[in-house]
Amino acid sequence: MKRIVVVGASLAGLATARALRAEGFAGELVMVGDEPHRPYDRPPLSKEFLAARDGPAQLSLAAEGEDLGLRWRLGTRAVGLAGHTVLLDVGAALAFDGLVVATGARARDDLPGARLPGVHLLRTLDDAVALREDLRRGGRVAVVGAGFIGSEVASTARALGCDVTLVVASDAPLRAALGRFAGAVADLHDRHHVEVLTGGRATEVRRDGPRPAVHLADGRRVPADTVVLGLGAVPAVSWLRGSGVRIGDGVLCDAAGATSRPGVVAVGDCSAWFDPALGRHHRVEHWTSARERGAVAARTLLSGGRAEPRPQRPPYLWSDIHGRRIQLAGHARLADGVTVEAGSVAEGSFVAVYRRGGEPVAVLGIDQPKQFMSVRRRLVVQGVPA
């Protein structure tokens, strides 16, 4: 291979570029990014950066003294893939011998009124800068969404002194991720005076006078000075339609990142790798997986797709909400039982271990980092310790 193109100036894209160089690739390496920024860290966008404790420089993923010899094409969006050529929105095209798809995901914006003034999505650095300016003005903030972004933004806005209402369609924030333990996060919000409206299916955002208001299916209305929509994300793969790259919920890959097209691999939030533990393709939207899978995908690409798949580490995520560290690793859905083995759920600080046939397959920790990591090291995936 003489030229490899990485589409997506992201954590996953940068991790793969680093791995390609580490594996000995000395050819031309081109990184295409639709934002004007070089790769940066996204998790702080809803936490430290939003709270104005960090600046853009602190988000940079560049390592000191690092020179990967990259050719940058920033502020440029890939719009198609034809043969061995990436088509760009500026009318240009990039020929390649190998391609890394790392285009990530985009925030859902399909709620009517999502683009009104005072209504924010949060996915990019520019999104966070705009939201931070509004939060600095204080006032009432309505956050729509039951996932981690919604809870993190609610936590940050409350710490900034805003009055916060968190609107969730289910019966508790983070129900899908934390299952029976989601009530611990609801209690955490309550102790920090975040109003949580459960069963609140948002139907639209409308400007009722000078301010926006979130309207719910049951007739309730949540007025606010600032509205934040955390409705989830969809993989940014529409540019690959008709290219021969197989797409489902993201780019479908084997267990080593290879796609249906030779010479093309995919990593990060846009990719759905086959997970032998689950027996299906699974899209993992977590920082750790984006970083770690780059090395696997690089070996796959340079070997012509002949790299041996290695046992995948179980997915791992963390969040900081109202000063509490929430950590989750493994596949809780594989478990046939769960027990609390440290701390107290009532006190909001505990470790819960999920087991299948007596073996730990997942672990959840809230404000118990040492105990959590102890169990995480013993997680079993396909009979192989993680």
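Skip its neighbours within four places in sequence, and L99 is in contact with V5, V7, L81, V86, G263, V264, V265 and L301. Now widen the selection to the largest nonpolar core, which has 45 residues; V5, V86, L99 and V101 touch the most other members. Helix α1 (residues 11–22) is the biggest giver here, with 6 residues in this core. As a rule, nonpolar side chains in soluble globular proteins tend to be buried together.

**Next stop: α1**

Select residues 11–22 and colour by burial. The helix is mostly covered, with 9 of its 12 residues buried: L11, A12, G13, L14, A15, T16, A17, A19 and L20. What do those buried residues pack against? Show β1 (3–7), β2 (28–33), β3 (70–74), β7 (98–101) and α7 (287–302), and you have the partners. If you like checking geometry, take the distance from the first C-alpha of α1 to its last: 16 Å, close to the 16 Å expected at 1.5 Å a residue. Then step just past the helix to G24, where phi is positive, about 105 degrees.

**Over to the open sheet**

Pick out β18, β19, β21 and β22. These 4 strands form an open sheet in that order, with mixed pairing. β18 (247–248) and β22 (280–283) are the edge strands, each pairing on one side only. Inside the sheet, zoom in on β19 (residues 250–253) and β21 (residues 271–275), which run parallel and are joined by 3 bridges. Click V251 and look across to β21 for its bridge partner, S271.

Now select β26 (residues 349–356), a mostly covered strand with 6 of its 8 residues buried.

The β26–β27 hairpin has 2 residues between its strands, and G357 in the turn has a positive phi of about 60 degrees.

**Last stop: colour by confidence**

Mean pLDDT for the protein is 93, and 97% of its residues reach 70 or more. Where pLDDT is low, the predicted coordinates should not be read in detail.

Definitions and conventions: Residues are numbered from 1 along each chain as its sequence is written. This is a predicted model: local features need pLDDT of at least 70, side-chain atom pairs count only at pLDDT 80 or more; totals for chains, interfaces and linings use all residues. Side-chain values use heavy atoms; hydrogens and water are left out. Two strands pair if DSSP finds at least two bridges between them. A nonpolar core is a set of buried Ala, Val, Leu, Ile, Met, Phe, Trp, Tyr and Cys residues joined through side-chain atoms within 4.5 Å. Buried means under 20% relative accessible area, exposed over 50%, partly exposed in between (1.4 Å probe, protein chains only). Contact means heavy atoms within 4.5 Å. The expected span of a helix is 1.5 Å times one less than its number of residues. pLDDT is the predictor's confidence in each residue, from 0 to 100.
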